[in-house]
There are 2 protein chains.
Amino acid sequence: MAAAAETAVTRAMKALLDRDDPLATRIKEEDSVLDQFEIQIDDLSVDLLTKAPLASDLRLITVAMKISHDLERVGDEATTIARRALALNAEPQLKPFVDIPRMADLALRMLKDAMLSFVNHDAKRALSVIPRDKEVDALNKQVHRELAGLMMANPDNITRSLHLIVVSKSLERIADHATNIAEEVVYLCEAKDVRHDPAIKRGTAG
Amino acid sequence: MAAAAETAVTRAMKALLDRDDPLATRIKEEDSVLDQFEIQIDDLSVDLLTKAPLASDLRLITVAMKISHDLERVGDEATTIARRALALNAEPQLKPFVDIPRMADLALRMLKDAMLSFVNHDAKRALSVIPRDKEVDALNKQVHRELAGLMMANPDNITRSLHLIVVSKSLERIADHATNIAEEVVYLCEAKDVRHDPAIKRGTAG
């Protein structure tokens with residue numbers, strides 16, 4: 001499921017950067033795969049819960065359910081990016097892409113690391129993901145400011161800038177989901193709840 | 001927890017409509033209450049799962065965990081609205097509010113009905129919530145179009161329009177969370193997964 005979510009994001013970015021309409025359309029169609037995964041994982045989880053004897057198993061199962069929900073949402077964000085790519089591809093390119101591909105890179109790497117930390121029960125790697133969310137947030141704000149400036153400079157830029165603001169926000173949300181997953185893994189490994197812990201978000205904890 | 005989430009949204013809207021800065025600041029500060037609720041409900045759920053003997057109990061517990069996650073996110077959206085209210089209150093009002101209060105009204109009523117359906121195990125009421133999401137989506141698109149028009153008409157409108165676009169999107173997401181909760185309740189009552197079912201989303205099912 002994580003591989004399918006990562007592929008969807010990678011393809012959505014490719015559809016945007018390479019102005020590839022058929023690819024963008026395919027992403028929208030394939031989103032139902034992730035929806036089905038989530039339903040299957042939920043059913044399997046409830047089934048396993050009826051048989052799970054140990055508290056540690058229960059924690060693993062509930063965390064798996066939460067992670068599948070995050071991955072399904074990552075797929076939704078990929079669909080949003082693909083939709084905006086289709087709208088943007090119909091018009092001349094506003095400007096060369098710089099920060100948006102960087103954001104996509106960071107967000108995808110966070111997602112990969114978060115999933116690796118889950119598979120390997122690697123709390124240290126999971127903890128390394130969490131502070132990186134701030135970088136993506138900062139890039140999103142920078143992109144937002146830059147596009148607001150382009151809109152003010154010329155009303156012809158407004159529609160395209162709005163599409164790009166949505167893309168940037170989607171990438172920021174993908175990084176949020178990766179952070180959620182990493183926080184769940186830390187909780188799983190250390191039975192310690194790091195969600196909403198400011199020291200860990202800053203990367204100064206431990 | 002649901003009451004706290006609803007209060008946060010109601011207050012965020014009041015801070016926006018009445019240009020009330022102290023209220024907006026308070027919402028941002030009180031968001032940690034919802035964060036703490038989510039952690040407590042998760043801990044309690046895992047604890048109950050170790051003792052739950054029946055499949056129907058397990059389902060109730062996992063659904064409760066998911067609902068608490070949705071409510072925590074509703075609180076995050078309220079904080080977003082409060083932040084944008086602070087930014088908007090520092091400038092002259094762009095235009096009288098029409099569609100945004102209507103969206104808030106619809107979204108809050110969806111949230112209340114979804115939570116009532118959970119408390120009363122009322123699948124019928126839960127099913128009535130799901131198609132209402134489309135109304136809020138349509139209003140969000142209309143607000144988006146209108147604000148894009150205002151931006152094109154005058155660059156001085158751009159910053160304020162962008163804040164209002166974010167507010168409108170937050171309200172649309174609150175309605176999404178209410179829809180998620182309603183879908184979980186249907187699943188709980190009927191052990192039937194309605195998520196990603198197009199007929200139910202259209203309101204033509206059953």
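Analyst: Let's start with Asp122(B), which is partly exposed, with a relative accessible area of 24%; that label covers whatever falls between buried (under 20% relative accessible area) and exposed (over 50%), using a 1.4 Å probe and protein chains only. Its side chain meets that of Arg125(B) in a salt bridge, at 3.8 Å from N to O. The term stands for a side-chain nitrogen of Lys or Arg within 4 Å of a carboxyl oxygen of Asp or Glu. Arg125(B) is partly exposed too, with a relative accessible area of 30%. Side chains of opposite charge can pair when their charged atoms come close.

Before going on, a word on the source: this is a predicted model, where local features need pLDDT of at least 70 and side-chain atom pairs count only at pLDDT 80 or more, while totals for chains, interfaces and linings use all residues. Residues are numbered from 1 along each chain as its sequence is written, chains are lettered from A and ligands numbered from 1 in the order in which they are written, and side-chain values use heavy atoms, leaving out hydrogens and water.

Over in chain A, Asp122(A) and Arg125(A) belong to a network of salt bridges that also links Asp113(A) and Arg132(A).

Next comes a pair inside one helix. Glu172(B) and Lys169(B) both sit in helix α7 (residues 158-190) of chain B, 3 residues apart, or about one turn of the helix; helices here are DSSP runs (H or I, at least four residues), numbered from the N terminus. Their side chains form a salt bridge at 3.0 Å, N to O. Glu172(B) counts as buried because its relative accessibility is 8%, whereas Lys169(B) is partly exposed at 35%.

Now for a pair that reaches across the chain. Glu184(A) and Lys66(A) join in a salt bridge at 4.0 Å, N to O. This one ties distant parts of the chain together: Glu184(A) is in helix α7 (residues 158-190) of chain A and Lys66(A) in helix α3 (residues 55-89) of chain A, 118 residues apart. Both Glu184(A) and Lys66(A) are buried.

Counting over all chains, you get 28 salt bridges.

As for how the chains relate, a 180° rotation with 0.0 Å of shift along its axis puts chain B on chain A, with an RMSD of 0.0 Å, fitted by least squares on the C-alpha atoms of residues with pLDDT of at least 70 in both. The two copies are therefore related as by a two-fold rotation axis.

Technical notes. Helix = DSSP H or I, 4+ residues; strand = E, 2+ residues; numbered from the N terminus.
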